[in-house]
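Let's walk through this structure together, one step at a time. Keep the sequence and the 3D view side by side as you read.

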Amino acid sequence: MTQPRPSGSAGAPQVDNPGIAYREADVPDLRVNLSASERRAATLPARRSVKKNHQAAWLLKAVTMIDLTTLAGDDTPGRVQRLCAKARNPVRHDVLSALGMQDERITTGAVCVYPTMVPHAAANLKGSGIPVASVATGFPAGLMPLELRIQEVAWAVEQGAHEIDVVITREHALTGNWAALHEELTQFKAACGSAHMKVILAVGELGTQDVIAKASWVAMMAGADFIKTSTGKESVNATLVNSLTMVRALRHYHDVTGHTVGFKPAGGIKTAKQALAWLALIKDELGDRWLHPNLFRFGASSLLGDIERQLEHHVTGRYAAAHHQPLA
Amino acid sequence: MSSDPATVKEIFNTMDYGPAPESPKEALHWIQQHGGTFGHHIAGRLEAPGRKRFETVNPGRNETLARVTQGTKGDVDRAVKAARDALPDWAGLTPQARAEHLYALARTIQKHSRLLAVLETLDNGKPIRESRDIDIPLVARHFYHHAGWARLATETFPDHEPVGVAAGVIPWNFPLLMLAWKAAPALAAGSTIVLKPAEHTPLTALLFAELAREAGLPAGVLNVVTGDGQTGATLVGHDDVDKVAFTGSTEVGRKIREATAGSGKGLTLELGGKSPFVVFEDADIDGAVEGVVDAIWFNQGQVCCAGSRLLVQEGIAADFHARLKRRMETLRVGDPLDKAIDMGAIVAPVQLDRIQELCAIGEAEGSYCHQPSWAVPEDGLFFPPTLFENVSPASTLAREEIFGPVLVSTTFRTTGEAVQLANDTRYGLAASVWSQDVNRCLHVAPQLEVGVVWVNGTNQFDAAAGFGGVRESGFGREGGIEGLTAYLKPKTDRARKAFAEEAFTPKAEPAPVDGPADPVDRTAKLYVGGKQARPDGGYVYPVLGADGTLAGTASLANRKDVRNAVEAAKKATGWSAATAHNRAQVLYFLAENLTVRRAEFAARLRQLTGASRPAAEREVDATVSRLFGYAAWADKLDGRVHQVPMRAVTLAMKEPHGVAGVLAPDEAPLLSFVSLVAPLLALGNRVVAVPSSRHPLVITDLMQVIETSDLPAGSINLLTGAKDELAATLADHDDVQAVWYVGTAAGGAEVERRSAGNLKVTWTNGGKRIDWTDDRDAYGPAWLERAHRVKNVWVPYGV
């Protein structure tokens, strides 16, 4: 089932996290001062203004990092087909040509769907090199028997998903049962096989930054290829503050273990300006290596439209209309 | 501006930050409108440029921006006269009318915020992000806050009046913000002001004066005279200035203290610093690393309160330094007008030279210097972020204020050692404390000898919270209610008559040898560290009664006795740490014990001063009442929680100065002495007091009352002898934090002049007579106010 990844060329950074066996002593006492994080998050976009050609290039990079997503009860094969077509051609050819990027094979980072939509997505993306991502494990609440959640992961992989976005049992994080969290994620990871496991922490439901940091750490110990903020269904989804907590935990994990983990903020990222702020966060906190779709994704459905309009504005000098951008 | 030569394709692969320039066009246009040359702004009018001018430079490009006028004595005279002429009308406005003017200034600043920000960055070299997001919004906030004070000052301080004509000497690191810190409270209080901006950065002050005029501020209320240090000295020394506010170096602050000694001018000094940034092992380490960025790489480290001494707990030091170095790699230094840089240019070549020189000394002394791998631009005055590791407290870099982007790091083992190292400096401006344990933070904050503590934060400022230092970082506060009072004075000051006591110099006699001639040795001893002590010199002096007969002999203290007394007072930290309830109880007890001996003290007063019986009894009763009064106040001087615009409690804690020297007059020797000593004791100061030189025996009698009143050893020490001689030693003493002197004008001036050594807080009667019997003059809030200092502790919270 494996396909070449869009940026899988030699030398591209890759996630690399076999995980580590759970020992309570190996969970560090990660401490996060909320006010300090808020200051950092508030000043970062103001410190890192990206303009003109740089902005266009950064926005195109952001496009390649989008997990173009539809996760709704009314998803249909037709809807998924349209989404996949958009993933293959996320930016109009005339705009790409004007930017000198027509030969760069600009696609989104992945298409993200519910498990039953995986076969449709896989069929529509065949030959594109674009991975199919599937949510699983009783998304979004995760309150399903463990065997069923494991089966769901295996099923989605079998149907052609290259990436599985699993949700954690929030109870384990909220009650400090880190061993249980590690255990369930280890089983999900096994069920993923060669597919990447992206662990959704649902940070909006974890209460404090300290818990978010610890949950990030335990997810990485269990072999998460990506850690992801949110399902998009919580009342608080990705923010720069909780992203900062997660990328710092991720960086520390890399320092301690040498293993590389990717990061995916999801939910609420709707504007090109927000995307630039997140890219600056990643560049400054994790470094340029992480500015690659193999290590960083946006979970978003409406972000692409705004980026398209900004890119058209960059090319024409005129503010763009939404209806000039092809729908997904 | 520079074009963007890289192609989208190239950038797509490198993901570099590109240039993000803010246009200087409007600001340069404003300079050109004035022909690139400026005169002073006096009496509501921008004057023609003077004959002697100097250049102000854009340090980001090392290019001349404009020429401004070197202020002469004549210019200063004109400006002070304009401020004096404007004073009656300005002070006479209704609070509402003054408030409207300040409100209009705040609105004007907001309206022109981008122009002010760009001009500030051009002139100073600070990043546009900082001038745009920090400096100018804080300036506007300061005027809004003080528009409120303009409305409320009279009803809040009904017994006060405007101080008069103020002089503000402004530094170059936050040119407009420091102007606001001086102008806003002055104007709110009903005073008028003459401002002297720094020679490196005069432009925003000139623009501000222009905008203020357009906003309808009456002519002469705010005047700007440009020039160098000489102009500043002329302004500070001007006879018709009532109050001086200076922000700048400790060296210049000391000169101003000396120059204004005996002038009666109010003085606040906000000086240098070497502020500790303390990181405990239980801190949010990444958060603290980012805190360091905001502490020492804010405004290129040219910040008086910059967290320039990193103190990090030994167990996490290696990790912390590694993370800090990684963070240093991602800092961006360059064109100050670029919106995506972290650090701009050093203000002037002379400053860059000093930074380089001190770094060279640091390396020569063997400290390890780390700088990022990248190079700073060459076409401007740039210096990279710099870290010196393993810097011992003895090294030059740990002691000297560098005033640049240079951090020095030292490790500590325990909380106690952290406090000790933090306080191991001549300065005392600010401190940062990083720990996720609020118990630890609130344990450490009160022990730090500084004016501001930021818990898990740094460089936070707000108009509602006072800012200022202790030790050689100066005295006085700017901002908050504690800052406003510097521009007000008690109305009673005006009613005081001239001090008329004749100076009395005791004549030494050898101490009598204990012997059979006089079965009881009637020589009153000194009282030091809770014990009666013979004078070091072995001399006594005769004390005469009102009738000219010998009333007894008193010990003649010398400088060594001062040394011993200060040492005892310094050790008596228990009194400062005691609960306010406890201090109140002790003072009540003292009053009670004095009541018991009312007749005896009245008799002694009659013997020494010749007072009538009723007068002497009144003095004893008034003394008891005053002691009761201050005992009552002791546990009621609550601090405040300032309302700063962030999720934090900002605690304005009232703290004692520490060791205070008191020099009392001859008049009403019991009452005046207790009126001076009691408020200091009530607030937790430890006192070294010199009673009336002429009538010391009533106070040496009091010694016995003190001995039986539970005042802990060293909390009060008594030295009898020659007042002005002992005053000089106390004012000189580097371990004394405050001196109160009542005596001749010349004696007071000498105390103020000598206090410049360690910049201790002084209060003198200014050659005026205090009416000790009048509660309005000799008792109450004004005395309590000067008996303490305010420490602002910022405690942000949240999980």
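Begin with one pair of residues in chain B: B:Thr523 has B:Thr553 as its bridge partner in β26(B). Strands here are DSSP runs of E with at least two residues, helices are runs of H or I with at least four, and both are numbered from the N terminus. This is a predicted model, in which local features need pLDDT of at least 70 and side-chain atom pairs count only at pLDDT 80 or more, while totals for chains, interfaces and linings use all residues. Residues are numbered from 1 along each chain as its sequence is written, and chains are lettered from A and ligands numbered from 1 in the order in which they are written.

Now look at the strands on either side of that pair. Strand β22 (residues 523-524) of chain B runs parallel to strand β26 (residues 550-555) of chain B, with 2 bridges; strands pair if DSSP finds at least two bridges between them. Strand β25 (residues 539-544) of chain B pairs with β26(B) in the antiparallel sense over 5 bridges, and there B:Tyr541 stands opposite B:Ala554. β25(B) and β26(B) form a hairpin with 5 residues between them, and B:Gly548 in the turn has a positive phi of about 90°.

Step back to the whole of chain B. It has 29 helices and 34 strands. Its radius of gyration, taken over C-alpha atoms, is 28 Å. The globule rule (2.2 Å times the number of residues to the power 0.38) gives close to that value, 28 Å for 799 residues, so chain B is as compact as a globular protein of that length. Buried residues, those with 20 or more other C-beta atoms within 10 Å of their own C-beta atom, placed from the backbone, make up 60% of the 799 residues.

What lies inside? In soluble globular proteins, nonpolar side chains tend to be buried together. A nonpolar core is a set of buried Ala, Val, Leu, Ile, Met, Phe, Trp, Tyr and Cys residues joined through C-beta atoms within 7 Å. The largest one has 375 residues, and A:Val111 and B:Leu587 have the most contacts inside it. Helix α7 (residues 175-188) of chain B gives the most to this core, 11 residues.

Finally, see where the chains meet. 31 residues of chain B are in contact with 32 residues of chain A, contact being C-beta atoms, placed from the backbone, within 7 Å. α1 (8-14), α6 (128-156) and α11 (285-296) of chain B each supply at least two residues of the side that touches chain A.

Definitions and conventions
Contact = placed C-beta atoms within 7 Å. Buried ≥ 20, exposed ≤ 12 C-beta atoms within 10 Å, placed from the backbone.
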